[in-house]
Amino acid sequence: MADVRFTNSHGSKLYVAYMRLDHNCDFCGDPWDVLGWVNLDPGETETRPNDTNNRWLYYYAEGEDSSVWSGPFVAEVRPARFEKCVCLGVLQGGVNPYHDVGMRELDLDRFGGVTFT
C-alpha cells in the first residue's frame, strides 16, 4: 500500500497524527517515525505516503469538538506540526514540548486508510 487515506466523515474538523515505518530512523534502533498533523475539514480526504509499503500504520486523532480516536500504542506528539523518530528525545529550553498519546493500529493489508465517523 503506497498511500494511506485519512477521511473525515465526522461533523467537525480533525487533526491526525500517525506513525509509520521509516528506515531513516534506524540509526537510533527504532525505525518508526511519528508525524503530525493532517488537518481534515468535514468531508475531506487526504493521503500520506507509506514509502516502505509496511503493513502496519498507527494513528491518533482529535476533533475540534473534543472527540478523540486513540489506542494502546504510545507515541509522542506536540501541538505544532512535527516529524520525529520515536527514539529521539527532544528538549527545547530544558522542556520537552511533546506529550504521550495512545495510537490505534491500522492493518494496511486489510484497509487502505481510516474513515473517522
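Strands here are DSSP runs of E with at least two residues, and helices are runs of H or I with at least four, all numbered from the N terminus. This is a predicted model, where local features need pLDDT of at least 70, side-chain atom pairs count only at pLDDT 80 or more, and totals for chains, interfaces and linings use all residues. Residues are numbered from 1 along each chain as its sequence is written, and side-chain values use heavy atoms, with hydrogens and water left out.

Start with Asn 53, in the loop between β4 (45–49) and β5 (56–63). Its phi is positive, about 55°, although Asn 53 is not a glycine. Most residues other than glycine have a negative phi, and most peptide bonds are trans.

Next, select Ser 66, in the loop between β5 and β6. Here too phi is positive, near 75°.

Now go to Trp 37 in strand β3 (residues 32–40). A cis peptide bond joins Gly 36 to Trp 37, with omega about 10°. (Rings of Phe, Tyr and Trp, the last by its six-membered ring, pair if their centres lie within 6.5 Å; planes under 30 degrees apart are stacked, over 60 edge-to-face, and the rest tilted.)

How many aromatic pairs does the structure hold? Eight. For one of them, pick Trp 69 and Phe 116, which sit edge-to-face at 5.2 Å centre to centre, with 75° between the planes. Trp 69 is in strand β6 (residues 68–69) and Phe 116 in strand β10 (residues 113–116), 47 residues apart.
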